[in-house]
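Reader: I would like to learn how to read a model like this one, feature by feature. Could you walk me through it?

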Amino acid sequence: MGAYQYVAPTSVDETLAVLKDAAARGERAQLLAGGTDLLVQMRGLDRAARTIVDLKKLAETRQLELGEKETYIGAAICCAELYENEALKARYPGLLEAADLIGSTQVQGRASIGGNLCNASPAGDTIPALIANGAICVVAGPDGQREIPVEKFVVGVQKNALAQGEFLLGLKLKAPGARTSDAYLRFIPRTEMDIAVAGCGVALTLNDEGICTDARVGIGAVAPTALLVPDAAKALIGTSVDDDALAAAGAACTAAASPITDKRGTVEYRRRIVAVLCKRAGAIARNRILGV
Amino acid sequence: MSKLHVETSINGEAVEFLCEPQQSLLEVLREELDRTGTKEGCGTGDCGACSVLMDGRLVCSCLVLAAETSGHEITTIEGIAQGDGLHPIQQAYLDNAALQCGICTPGLVVATKALLDKNPNPDEETIRYWIAGNLCRCTGYDKIVRAIQDAAGRLAHPA
């Protein structure tokens with residue numbers, strides 16, 4: 001076993017070279033953004049030496065850009081920087097609610113949205129909200145950049161789609177129009193500082209008559225990965241997002257869920273609560289658009 | 001493996017140190033730099049006893065690698081008071097009996113500083129959410145919340 005190393009490359013090419021060199025030497029390299037998961041793992045069950053590659057010195061992982069058509073959020077931007085940004089909050093209030101729910105003030109000052117995604121916990125709060133917003137992951141690798149829809153990025157419990165030598169640069173989201181908004185809700189038995197029993201993100205677009213023309217629903221903590229629920233979106237599109245449509249969307253979430261029973265909740269409870277969260281988040285997103 | 005050479009700023013003072021790549025800021029503060037005001041509770045970011053400011057932002061020093069502080073500004077509990085007197089936040093904690101065993105207190109004082117720098121007049125709910133990451137097993141928090149409200153008043157209207 002070798003020794004720990006720490007490197008903080010300043011460009012994408014340098015980062016890729018560090019990852020390639022480590023692989024060539026048969027050494028393990030691990031990416032560091034906020035460190036709120038990584039440092040805990042290093043102190044716990046996974047103490048083996050490795051090269052820690054700090055991604056916070058790259059322009060691409062620290063960039064936050066609110067373009068006319070698109071928003072780009074660098075993978076290493078911390079949760080607090082996100083929800084302190086009023087213009088970003090106006091675009092994706094639900095996504096920022098999710099970022100604001102993660103851990104304590106201290107954790108939010110370090111934990112990054114890219115890290116929350118790459119850590120790939122079934123209960124990661126930003127993931128269903130990113131799915132609802134149709135986020136696209138921008139990945140750097142030896143063969144250049146590639147893009148992965150966020151719902152395909154997490155492939156299993158603590159497993160993401162990054163191949164060896166690749167890393168997440170940031171996330172691209174469509175800039176919402178005036179008639180698009182989102183919401184995220186999770187259930188925890190306390191009011192703060194807990195891990196989701198279930199979570200649901202809903203993004204809606206309504207036309208001028210108040211009819212839903214587009215919808216995306218993401219659910220978390222009720223399956224090995226956060227899931228996009230197309231049937232929930234179908235139940236909302238073409239409706240005024242009334243109680244019946246929301247109930248149907250909630251039922252679709254229950255049907256899509258394949259939760260486990262653990263100390264946070266049972267299978268039955270999680271399947272039921274995810275429907276409630278979908279209904280409530282859908283109503284919040286609708287009301288945000290309608291301004292009520 | 002040679003140690004890493006880190007140049008940073010702690011409480012306004014330029015500081016250089018050598019550290020292992022995996023060492024946390026907390027370990028370096030306490031064990032290399034002899035700044036033991038910052039306490040270790042859990043070591044995993046749950047309790048907030050090790051809270052410090054990094055570029056003005058509240059963080060757990062156990063969740064920051066010492067190597068990551070290169071080029072950044074760190075404020076620890078030792079940097080809160082100016083000169084020989086206590087900071088109004090520290091005085092408010094004493095006057096409100098907001099500490100018993102004292103292990104959580106440095107982290108809470110730093111957290112209070114971060115809150116009041118950002119929001120000089122927080123309501124009780126804001127205070128309680130802000131300090132949710134600072135565990136205290138003695139006081140039951142009410143006296144801490146009162147101390148923070150008192151400190152906000154003292155800073156707004158210095159005697």
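Predicted model: local features only at pLDDT ≥ 70, side-chain atom pairs only at ≥ 80, totals over all residues.

Author: Gladly. A residue is buried if 20 or more other C-beta atoms lie within 10 Å of its own, exposed if 12 or fewer, and partly exposed in between, with C-beta atoms placed from the backbone. Helices (H or I, at least four residues) and strands (E, at least two) are DSSP runs, numbered from the N terminus. Because 7 of the 9 residues of α6(A) are buried, the rest of the structure largely encloses this helix.

Reader: Which domains does chain A have, and what does α6(A) give to the contact between domain 2 and domain 3?

Author: Domain bounds come from an automatic or database domain assignment. For chain A that assignment gives domain 1 (5-54), domain 2 (60-174) and domain 3 (180-290). The centres of domain 2 and domain 3 of chain A, taken over C-alpha atoms, are 19 Å apart. Two residues are in contact if their C-beta atoms, placed from the backbone, lie within 7 Å. Here 25 residues from domain 2 of chain A and 26 residues from domain 3 of chain A take part. On the domain 2 side, α6 (93-101), α9 (126-132) and β8 (154-156) of chain A each supply at least two residues, and α6(A) gives the most, with 6 residues.

Reader: What is the make-up of that domain 2 side by class?

Author: Ala, Val, Leu, Ile, Met, Phe, Trp, Tyr, Cys and Pro count as nonpolar, Asp, Glu, Lys and Arg as charged, and the others, Gly among them, as polar. The side of domain 2 of chain A that touches domain 3 has 15 nonpolar, 7 polar and 3 charged residues.

Reader: How many residues of each chain are in contact across the two chains?

Author: Chain A brings 22 residues into contact with 25 residues of chain B. On the chain A side, β1 (5-7), α2 (38-43), β3 (51-54) and α7 (105-108) give two or more residues each. The largest share, 4 residues, comes from α2(A). By class, this side of chain A has 10 nonpolar, 8 polar and 4 charged residues.

Reader: How should I read a nonpolar core?

Author: In soluble globular proteins, nonpolar side chains tend to be buried together. A nonpolar core is a set of buried Ala, Val, Leu, Ile, Met, Phe, Trp, Tyr and Cys residues joined through C-beta atoms within 7 Å. The largest one here has 142 residues, and V217(A), C253(A), V274(A) and C278(A) have the most contacts inside it. Helix α13 (residues 267-290) of chain A gives the largest share of this core, 8 residues. Leaving aside neighbours within four places in sequence, C278(A) is in contact with residues including C200(A), V202(A), V217(A) and C253(A).

Reader: Which residues other than glycine have a positive phi, and are they buried or exposed?

Author: One of them is A221(A), with phi near 65°. A221(A) sits in the loop between β13 (212-220) and β14 (227-228) of chain A, and counts as buried because 30 other C-beta atoms lie within 10 Å. V241(A), with a positive phi of about 55°, is in the loop between α11 (230-236) and α12 (243-256) of chain A. V241(A) is buried too, with 25 C-beta neighbours inside 10 Å.

Definitions and conventions: Residues numbered from 1 in each chain as written. Chains lettered and ligands numbered in written order.
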